[in-house]
Amino acid sequence: MFEDPLTLIVVGAILFVAIVAFLANRYRKCPADKILVIYGSGNGAKKSANCVHGGGAFVWPVIQDYAYMSLTPIGIDANLTNALSRQNIRVDVPCRFTVGISTDPEYMNAAAERLLGQSANQIQEMARDILFGQLRLVIATMSIEELNSDRDKFLEAITANVEVELKKIGLKLINVNVTDIKDESGYIEALGQEAAAKAINEAKVRVAEQEKMGEIGKAEAVRETRIRTAAANAEAVKGENEAKIAIANSDAVRREREAEAQRKATAAEKVASAQALEEAYAAEQKAENARAERERASQQANVIVAQEIEKKRIVIEAEAEAEQKRVNAKGEADAIYAKMEAEAKGLFQILTKQAEGYDKMIQAAGGDATKAYTLLLLEKLPELVKTQVEAIKGINIDKVTVWDNGGGAGDGKTSTANFLAGLMKSVPPLAELFDQAGMALPEYLAKKKEETPEEPVKDEE
C-alpha cells in the first residue's frame, strides 16, 4: 500500500506522535495540595484505589478513572453544651477543631474509601458528629477542677480519643482550641472568685511584708552608712600611709633595679666580647678542619679512585679470563663429544661390516657355523704361529753350560737331551692355546699330533 519509504516514515511518525499524545493525555499529575485517587481495575486484589500525592500516574482508559481530594484543612466549631462531668455537673465547653486528610498511605486509602466525592460541608458535618461524641466521653472522665486548671491533660485526652475515630474515615486532627469553660451551677465562677480572693489576700500580706522589710532596710541602711563612713575614713588614712611606704619602697626598688641593670649591662658586654672571641676561634677552627677535610678528601680521591679503577680492571680481566676458560672448556667438551661420537660411529660401522662378513662367510660355508669357524681359524693360524715364535724370540741365551755325566734317564735319553726337550716344551703348544681361548683344533691336526708319539712305543715292543 505504501511503497514509498518517505511515506512510510511520515505515517510512522504520525502514529508515534499520536501514541505519545494519547499517553500524555492519560498521564495525570497530582498537585501538592491534593491527592490523586485512581480507581477501577489494575489497582491490585486488596486495594480499592491507588492514592498518589506529589507525583503523577498513568490512568488506563476505559478500565480506570481518577478524582482529586483536597488536603486543605477544615475548621469545625464544636461548641458542646450541657455535657456531664465526672462530678455530674453540666458544663459548656466551646472548642474549635482543625482537621484534614493526611498524606500517610493508611489515611489516604481510608479517605478514598469514605470521603471521595464528598463536599467540604459534608466532610465537616461527618467529622463534627465524631468530635461531639468523643468530646462528651472525655469530659465524663474528668472533674471540673481538671477541666479548668489542667488544660494539657484535657487536650491530651481529646487528642488520644478523637484521632482514633477520625482515622477511620481518613482524617487527622491538626489542632484543638478550647476557650472558656462554663457550668450552669456557677461552680467554676465560684472557684474563680475564691481564687481571686485568695490572690487579693496574699497580695495584701506580701505588701505588708514588703513595707516591714522597707523600714528594717532603711534602719539597717543608716547604720551601714555610718559604719562604712568610719571605715572609709580609716581606710583612707591607712591608704595614705601605705601609699607613702609604697613610694619609698618603690624608690628603693628602682635604685636597686637600676644598679642591677648597670651590673647586668657591664657583664653582658664582657660576655658578648668573650662570646665574640669564642665564635671567632671556633670559626677559625672550623675553617682549619674544613681545610684538613678537603686535603684528606683530595688524598683519598687520588689514592682510592686509582685503586678502585685498578680493582675494576682486575675484576673485568678475571671475568674475561673466566669467560674465555668457559668458552675453551665448552669447545673442548664439544670436540671430545664429536670425537667420541665419530669413534662410536666408526666402531659401529666396523662391527656392522664384520657382522655382515661373518653372515656372508656362514652363508658361503653352507650355513654351517663350525665350518665358518674353521675357515676363520685357518686365516688366523699364521698369526698364532708367529705368536709362538715371538714367545722365545726375545730370549737371549749367551751361554749354556751343561754338565752331563753321560747317564741316561728312564726313557733312554741323556740329561742334555731332556733339558733341550723341556726347553722346547716351554713354548705353549697350539692345542693349549686353543683350549685357553675356548676353541678346538681341527680333527686332522689333533690326530696327527696324537699319532706321532705312539709309533716309537710300538717299535720298542
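How accessible is K167, and does K167 count as buried, partly exposed or exposed? I looked this up and found 32% relative accessibility, which makes K167 partly exposed, where buried stands for under 20% relative accessible area, exposed for over 50%, and partly exposed for what is in between (1.4 Å probe, protein chains only).

**Entry: ground rules.** I am working on a predicted model, in which local features need pLDDT of at least 70 and side-chain atom pairs count only at pLDDT 80 or more, while totals for chains, interfaces and linings use all residues. I number residues from 1 along each chain as its sequence is written, and I note that side-chain values use heavy atoms, with hydrogens and water left out.

**Entry: overall figures.** I count eleven helices and nine strands in the protein, these being DSSP runs numbered from the N terminus (helices H or I, at least four residues; strands E, at least two). Of the 461 residues, 16% are buried. The protein exposes about 34,200 Å², and carbon and sulfur atoms supply 57% of that area; accessible areas come from the Shrake-Rupley method with a 1.4 Å probe, and for residues only the protein chains shown count as cover. I also looked at contacts (heavy atoms within 4.5 Å): among those between residues at least 6 apart in sequence, 66% join residues at least 24 apart.

**Entry: salt bridges.** The structure holds 18 salt bridges, each defined as a side-chain nitrogen of Lys or Arg within 4 Å of a carboxyl oxygen of Asp or Glu. I went back to K167 here, and found that K167 forms a salt bridge with E106, with the closest N and O atoms 3.5 Å apart. E106 belongs to helix α2 and K167 to helix α5, so this pair ties together parts that are 61 residues apart in sequence.

I then turned to helix α6 (residues 187–364), where E310 and R313 both lie, three residues apart, about one turn of the helix. An α-helix has 3.6 residues a turn, so residues three or four places apart point the same way. The side chains of E310 and R313 meet in a salt bridge with an N to O distance of 2.0 Å. E310 is partly exposed at 35% relative accessibility, and R313 is partly exposed at 38%. Salt bridges that share partners join E310, R313 and E317 into one network.

A further salt bridge that I checked is between the side chains of R294 and E295, at 3.4 Å from N to O. R294 is exposed, with a relative accessible area of 52%, whereas E295 is partly exposed at 36%.

**Entry: helix α2 and its packing.** Which residues of helix α2 (residues 105–114) are buried? I found Y107, M108, A110, A111 and A112. The buried residues of α2 pack against β2 (34–40), β3 (49–52), β5, β7, α5 (151–167) and β8 (171–178).

Entry: I looked up Q124, which is found in helix α3 (residues 120–139) and counts as buried at 18% relative accessibility. Once its neighbours within four places in sequence are left aside, Q124 is in contact with I74, G75 and I76. Q134 also lies in helix α3 and is buried, with a relative accessible area of 14%. With its neighbours within four places in sequence likewise left aside, Q134 is in contact with N161, V162 and E165.

**Entry: the largest pocket.** I noted a volume of about 180 Å³ for the largest pocket. On a 1 Å grid over the protein atoms alone, a pocket is an open set of points where a 1.4 Å probe fits, with protein on both sides within 12 Å along at least five of seven lines, and lining residues have an atom within 4 Å of a point. Grid points are joined across faces, edges and corners, and the volume is the space filled by probe spheres set on the points. Of the 16 residues that line the largest pocket, M69, S70, I101, Q118 and I123 are the closest to its centre. The elements that give two or more residues to this lining are β5 (64–70), β7 (90–101) and α3, and β5 gives the most, with three residues.

Entry: K182 and R90 are 92 residues apart in sequence and 8.7 Å apart in space, C-alpha to C-alpha.
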